[in-house]
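This report describes selected features of a two-chain model. The sequence and the structure come first, and the description follows.

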Amino acid sequence: MKEIIELKLNEKFPDSILEKIEFRDELTLIVDKNKIVEICQYLRDDPELLFDMLIDLCGVDRAKRNDRFEVLYNLLSLKNKFRLRLKVRIDEKDCKVDSITSIYPTANWHERETYDMFGIIFNNHPDLRRMYMPEEFEYYPLRKDFPLLGIPGSLPLPKK
Amino acid sequence: MNTQQDKSEYSSKILETLLTKESDFIIEDTLESGMVLNMGPQHPATHGVLRLLIHIDGETVVGCVPELGYLHRGYEKIAENSTYHEFIPHTDRLDYLAPLSNNTAFALAVEKLAGIEIPKRAKYIRMIISEMARIASHLVAVGTMAMDVGAMTVLLWTFREREKLQEIMDILTGARFTTSYTRIGGVASDWTSICTEKLKKFISEFPTNLEEIEKLLNTNRIFLERTEGIGVISKEKAIAMGLTGPNLRASGVDYDVRRAFPYLDYENIDFEVITYSEGDSLARYFVRVDEMKESVKILRQCLDKLPSGEILSHDPKRVLPHKVNIYTRMEELIQDFMLINFGLTPPVGEIYSSVENPKGELGFYLVSDGTGYPWRCKIRSPSFVNLQSLPILVKGHMVSDIVAIIGSIDPVMGEADK
């Protein structure tokens with residue numbers, strides 16, 4: 001299965017697969033950030049691959065100068081019983097990636113959560129609001145530079 | 001007194017988005033005008049602190065916006081700042097109706113990341129506790145769902161059954177809810193003969209008791225009319241919305257992590273994956289009841305096959321030793337000191353490991369940078385994803401159906417808010 005996915009993706013999207021990682025029998029592909037919507041659509045609609053379910057979408061702060069953030073897409077093919085992880089790398093200066101809600105509607109809340117926690121903007125998202133934190137909150141809690149104990153005064157108490 | 005202008009300034013952005021969103025609602029009659037109803041966060045039928053903003057026309061729901069975050073405790077941030085062992089007690093507080101299966105899920109994820117093999121006895125104990133947690137959680141789901149639509153007796157009867165399981169958990173782990181029972185590389189304490197005895201008694205009585213509970217509901221006209229055809233979600237839509245667990249299987253999708261990606265020793269256990277095709281609230285109830293029967297089957301097989309032997313794997317650099325040995329022997333004390341202070345150090349890498357929880361697929365995505373602390377721990381909680389389809393399910397139904405639909409989705413806010 002792993003070979004078929006790689007072969008098909010390389011054929012359809014040449015130069016879009018930037019890196020391939022295999023660890024504990026799990027396949028992770030780092031793909032081009034600008035091609036993520038097309039790749040997801042292809043993976044979902046291809047009759048042989050049929051990755052019809054998005055299980056998880058989340059962000060990672062790598063705390064590096066270049067390509068600080070990662071967004072990863074955990075796809076599942078119900079027919080083939082196979083999981084595939086896609087990753088895109090995002091630079092802090094251009095903290096944006098295209099939303100895949102048009103392909104997988106379940107990505108809606110996952111993307112809102114990622115925006116809430118990391119401040120990554122998802123282009124063309126239908127309703128990009130914070131998921132857990134209050135609307136007025138200015139920080140992004142899961143970034144590595146946000147302290148564990150929080151920032152004093154960042155959550156004002158309601159006025160009487 | 002605030003003026004009208006001030007009030008509009010204070011009205012939240014959520015309300016604005018809700019009101020400006022396009023819907024097929026037209027004001028024709030002044031008495032039938034649309035309004036926004038705020039349900040929760042403190043509402044008994046929302047099973048926790050779920051807040052719903054409901055746009056209604058008369059009594060028909062035209063739109064619904066769930067608001068989460070009232071129980072957000074930042075577990076993913078806590079995980080990044082604690083060792084792998086330290087995070088186990090926090091997993092109890094995710095899905096607090098089935099803490100034992102959360103413990104199992106996290107321990108399995110860390111073991112996959114670090115490459116630790118666990119003894120066979122520990123595997124079977126973990127399977128037993130997972131199935132016990134499943135029965136306990138489904139009993140609450142069925143009971144509260146029945147209570148939401150007006151049947152009080154069912155709740156009392158299901159809680160009576162659940163109490164028997166809680167007693168076994170109490171004997172086994174020393175706590176009824178905050179169990180923290182699994183360890184990386186095994187389980188904390190051994191399964192005893194008293195537990196076997198009590199569990200055998202439970203599984204011999206439970207099927208008849210469950211039948212009695214079913215009799216209260218399956219032919220109950222009020223229950224059937226409140227749930228049949230309410231909150232229907234099609235197979236394709238359910239997959240697209242990422243539903244998992246009983247909610248997905250009620251829509252006719254044959255996906256169960258225990259069968260699709262077997263973990264522990266589930267490939268050697270004979271059980272059926274329950275599916276119904278209707279996709280309504282009633283089907284979700286049927287799936288839960290039938291799954292309890294399957295869990296009894298699994299428990300029976302596990303008790304028959306339960307092997308003897310160690311419950312913790314012998315791996316001094318990564319697995320905590322037995323508590324007795326820590327207090328009486330020098331080497332074990334040193335191991336314990338090193339593990340508690342520096343943590344186990346898995347190799348650099350990342351994994352996703354998931355189990356079939358009562359609510360759906362609970363997954364942990366762990367990234368290790370080679371130190372004792374996880375670099376990133378993402379919790380893929382089933383309730384969070386299942387709740388997302390609530391607006392689709394309630395659209396077009398009556399206000400009173402909302403409670404039946406929430407009851408049939410069975411969300412736990414501890415898990416949805418993380």
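At what angle do helix 13 and helix 18 of chain B pack, and how far apart are their axes? In this predicted model, helix 13 (residues 281-305) of chain B packs on helix 18 (residues 399-409) of chain B at about 30°, and the axes are 9 Å apart. Angles under 35 degrees count as roughly parallel, and helix 13 and helix 18 of chain B are therefore roughly parallel to each other. Their crossing is left-handed. On the side of helix 13 of chain B the contact involves B:Ser281, B:Arg284 and B:Tyr285, which meet B:Ala404, B:Ile405 and B:Ser408 of helix 18 of chain B. By class, this contact has 3 nonpolar, 2 polar and 1 charged residues.

Chain A contains an open sheet of 5 strands with mixed pairing, in the order 1-2-5-4-3. Strand 1 (17-23) and strand 3 (53-61) of chain A stand at the edges; each has a single partner strand, so one side of each is left without a neighbour in the sheet. From one strand to the next the twist averages 20°. Helix 3 (residues 107-118) of chain A packs on the sheet and touches strand 3 and strand 4 of chain A, with its direction at about 5° to that of strand 3 of chain A.

| Partner of strand 5 (chain A) | Sense | Bridges |
|---|---|---|
| Strand 4 (residues 69-77) | antiparallel | 9 bridges |
| Strand 2 (residues 26-31) | parallel | 3 bridges |

A:Leu86 in strand 5 of chain A is the bridge partner of A:Leu29, and A:Leu86 is also the bridge partner of A:Tyr73. A:Val88 of strand 5 of chain A stands opposite A:Val71. Strand 4 and strand 5 of chain A form a hairpin with 4 residues between them, and A:Lys81 in the turn has a positive phi of about 50°. Of the 9 residues of strand 5 of chain A, 7 are buried, so this strand is largely enclosed by the rest of the structure.

The two chains also touch: 28 residues of chain A are in contact with 33 residues of chain B. On the side of chain A that touches chain B, strand 3, strand 5 and helix 3 of chain A each supply at least two residues. Strand 3 of chain A gives the largest share, 6 residues. By class, this side of chain A has 16 nonpolar, 3 polar and 9 charged residues.

Key
Residues numbered from 1 in each chain as written. Chains lettered and ligands numbered in written order. Predicted model: local features only at pLDDT ≥ 70, side-chain atom pairs only at ≥ 80, totals over all residues. Pairing = 2+ DSSP bridges. Axes fitted to C-alpha atoms, helices over the stretch in contact; angles between N-to-C directions. Contact = placed C-beta atoms within 7 Å. Parallel < 35°, antiparallel > 145°, perpendicular 65-115°, else oblique. Left-handed = near helix turned anticlockwise from the far one by under 90°. Nonpolar A, V, L, I, M, F, W, Y, C, P; charged D, E, K, R; others polar. Buried ≥ 20, exposed ≤ 12 C-beta atoms within 10 Å, placed from the backbone.
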